[in-house]
Amino acid sequence: MIAAATGLPFDAIRRLLADLPGPDESARQAVASRDAVLTKPAGSLGRLEEIAMWVAAWQGRAKPEVKRPLVAVFAANHGIAERGVSAFPQSVTKAMVANFAAGGAAINQLAAVAGARLRVVPLDLDRPTADFTKEPAMDEDAFLRAVATGYDSVPADADLVCLGEMGIGNTTAAAAIAAALFGGGGTRWAGRGTGIDDDGLARKRAAIDFALKRHAGILGDPLHVAAALGGRELAAILGAALAARRQRIPVLIDGFVCTAAVAPLAKLRVDGLAHTVAAHVSAEAAHRALLDELGLKPLVDLGMRLGEASGAVVGALILRAAVACHTGMATFAEAGVSDKL
């Protein structure tokens with residue numbers, strides 16, 4: 001749909017954003033009404049009750065389900081990595097994609113436990129984006145192609161999408177996007193990522209601050225920010241989130257990089273992330289601050305910082321639990337139990 005849209009590349013995305021479906025409030029109310037008569041004290045399942053309502057509203061079903069979850073992991077390389085902002089070389093990105101294909105990564109195990117399809121999408125791994133301290137990471141056409149790749153990766157039959165990424169240097173890109181959208185510079189947003197030392201962290205912060213000055217003229221436009229400071233995998237994540245919204249599929253966001261990737265949607269439209277839930281808060285230093293800026297409340301805090309959708313799939317297990325409780329529990333009348341709990 002993006003490729004078929006008319007106008008300039010960024011205009012094509014804006015047109016899609018102008019026409020987004022909302023939640024099905026009748027489905028939400030149906031779940032709330034049933035929840036009120038299930039065999040438990042009101043509110044005793046806490047946030048699991050809220051989650052079941054959210055899933056129902058975005059699926060448009062009075063009886064929510066998580067039977068066909070998709071895990072979409074996008075991988076790409078970054079020119080900014082040449083600035084010494086990561087503890088690992090860019091060759092690790094391709095090696096990890098091969099590991100995903102061989103079934104040897106954490107996400108393979110988690111996806112299997114969650115009963116989810118795993119789709120790994122590499123984007124031009126042999127051609128890193130430009131170093132954004134020198135020029136925009138991507139021009140509009142390259143950005144649009146990456147967004148379209150993510151958009152086309154979401155099948156209509158998925159009932160939940162878990163988003164993830166792999167890309168050496170991408171916490172620097174994510175921090176730069178966060179700084180551009182919410183202010184504060186490299187000191188506020190740059191963390192240690194894969195484990196850089198103090199000198200590496202100083203280089204990372206300096207690169208972000210330099211890039212913010214170089215690209216000062218475009219900082220008011222979230223799409224220009226995503227293209228100039230981001231990466232192909234971040235753009236693909238944005239596209240996948242947009243596709244899920246247009247098909248009314250609920251989305252679980254992974255860690256700091258994923259959250260930064262979708263943040264432009266919230267800046268472009270106040271309810272742009274209404275169909276998403278933050279699966280967890282990662283150990284990456286600035287993730288909690290970014291979630292706070294977006295008004296997203298994470299499901300869990302397990303100290304994770306792996307990426308590759310690992311936290312999102314842990315969140316999917318919680319969604320499965322919420323839906324199973326709601327659909328499987330008996331009502332007071334069905335169980336012959338007094339409702340005077």
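A crossing of two helices is left-handed if the near helix is turned anticlockwise from the far one by less than a right angle, and right-handed if clockwise. The crossing of H5 and H14 is left-handed. Contact here means heavy atoms within 4.5 Å, and the pair is joined by these residues:

| Helix | Residues in the contact |
|---|---|
| H5 (residues 106–114) | Ile-107, Leu-110, Ala-111, Val-113, Ala-114 |
| H14 (residues 310–328) | Ser-310, Val-313, Val-314, Leu-317, Arg-320 |

By type, that contact splits into eight nonpolar residues, one polar and one charged. (Ala, Val, Leu, Ile, Met, Phe, Trp, Tyr, Cys and Pro count as nonpolar, Asp, Glu, Lys and Arg as charged, and the others, Gly among them, as polar.)

A quick note on the model: it is predicted, with local features needing pLDDT of at least 70 and side-chain atom pairs pLDDT 80 or more, while totals for chains, interfaces and linings use all residues. Numbering starts from 1 along each chain as its sequence is written, and side-chain values use heavy atoms, leaving out hydrogens and water.

Back to the pair: the axes of H5 and H14 come within 9 Å and cross at roughly 10°, so the two helices are roughly parallel (angles under 35 degrees).

Next, H11 (residues 232–246): 14 of its 15 residues are buried (under 20% relative accessible area), so the rest of the structure largely encloses it. Arg-248, which follows H11, has a positive phi near 55°.

Gly-79 sits in the loop between strand S1 (69–75) and helix H4 (91–102). At 9% relative accessibility, Gly-79 is buried too. Gly-79 and Asp-131 are 52 residues apart in sequence, yet 4.2 Å apart in space, C-alpha to C-alpha.

Technical notes: Axes fitted to C-alpha atoms, helices over the stretch in contact; angles between N-to-C directions. Helix = DSSP H or I, 4+ residues; strand = E, 2+ residues; numbered from the N terminus. Parallel < 35°, antiparallel > 145°, perpendicular 65-115°, else oblique. Expected span 1.5 Å × (residues − 1). Buried < 20%, exposed > 50% of the residue type's maximum accessible area, 1.4 Å probe, protein only.
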